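User: I am new to this structure. Please take me through it step by step.

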Amino acid sequence: MTRYDERTALVVVDLQNDFADPSGSLAVPGGEAVVPLVNAAVREAAESGAMIVATQDWHPESTPHFAKDGGVWPVHCVGGTWGAELHPAFALRADAPRVRKGTNGEDGYSGFRMRDPETGREMPTELEDLLREVDIERVVVCGLATDYCVKATAIDAVQLGFDVMVLAEAVAAVNLEPGDGDRALAEMVEAGVELA
Ligand code: VGL
Ligand code: ZN
């Protein structure tokens, strides 16, 4: 039985140069190795009529997300730069929707919602609407990084009422602390995510 059908969306999280290319500014260990596995998932999803969506971390040059502006991360995925582009080996159809998060300096990791750093207000991205428009019921998540955007996106999807599966082979973790990726997978399972 395939995991994909017309009620399923494959959400590929942040498979961008700064995370997936070894020379990216926030290169995720093993990030490039997931690209062919994501491509296999994309092929399988497309053959079964599933929707395929890519998210992109998309920051301005200054944002409280960056260490230089008071946050924790090196500058990465600045909108319009090489680092923010999808990895060139990621075989995503040109007409597949891309959801960009952080465009106006919002913070947060989920593909579904962002937080205004000044007011703390949460606001949705267009991802949920895209899925609801075509009556998606199940979400399959892969991409980068396990311990940040994959985790936040998968757990939000559960909270929004979707059946959620994470492709454990087609994700990779930053692992700021050793074991963060494994702990993130355990938290996702705890929240109701199925691992495949
Ligand atoms: C991410 C750290 C900072 C991610 C984004 O895509 O997982 N991680 N910004
Ligand atoms: Zn980021």
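**The ligand and its surroundings**

User: Which cavity does the space taken by ligand 1 form?

Analyst: This is a predicted model. In it, the space that ligand 1 takes up is a cavity.

User: How much of ligand 1 does the protein bury?

Analyst: A nitrogen atom of ligand 1 lies 3.1 Å from an N or O atom in the side chain of H76. Taken alone, ligand 1 exposes 250 Å². Of that area, the protein buries 100%.

User: Which residues have a polar backbone atom 3.0 Å from an oxygen atom of ligand 1?

Analyst: Look at the backbone this time. One such polar atom belongs to A145, 3.0 Å from a ligand oxygen. Another, also at 3.0 Å, belongs to C149. The names are A145 and C149.

User: How many residues of the shell around ligand 1 are nonpolar?

Analyst: The shell includes F19, L26, W73 and Y148, along with D14 and D57. Sorted by class, 2 of its residues are polar and 2 are charged. The nonpolar count is 8.

**The loops**

User: Where is the cis peptide bond at A145, and what is its omega?

Analyst: A145 sits in the loop between β6 (138-144) and α4 (146-159). Most peptide bonds are trans. The bond from L144 to A145 is cis, with omega near -15°.

User: What is the phi of D135?

Analyst: D135 is in the loop between α3 (127-133) and β6. Most residues other than glycine have a negative phi. D135 is not glycine, yet its phi is positive, near 55°.

**The whole protein**

User: What is the radius of gyration of the protein?

Analyst: The protein has 5 helices and 8 strands. In order from the N terminus, they run β-α-α-β-β-β-β-α-β-α-β-α-β. The globule rule gives 16 Å for 196 residues, and the value here is close to that, so the protein is as compact as a globular protein of that length. The radius of gyration is 15 Å.

User: What box do the C-alpha atoms fill?

Analyst: The box is taken along the principal axes. Its size is roughly 50 × 35 × 35 Å.

Terms used. Residues numbered from 1 in each chain as written. Chains lettered and ligands numbered in written order. Predicted model: local features only at pLDDT ≥ 70, side-chain atom pairs only at ≥ 80, totals over all residues. Heavy atoms only, no water. Near = heavy atom within 4 Å. Polar contact = N/O pair within 3.5 Å; in protein donor to acceptor, adjacent residues only side chain to side chain. Areas by Shrake-Rupley, 256 points an atom, 1.4 Å probe, with all protein chains shown as cover. 1 Å grid on protein atoms, 1.4 Å probe; cavity = no way out; pocket = protein on both sides within 12 Å on 5 of 7 lines; lining within 4 Å. Sits in = over half its atoms within 2 Å of the grid points. Nonpolar A, V, L, I, M, F, W, Y, C, P; charged D, E, K, R; others polar. Helix = DSSP H or I, 4+ residues; strand = E, 2+ residues; numbered from the N terminus. Rg over C-alpha atoms; globule rule 2.2 N^0.38 Å.
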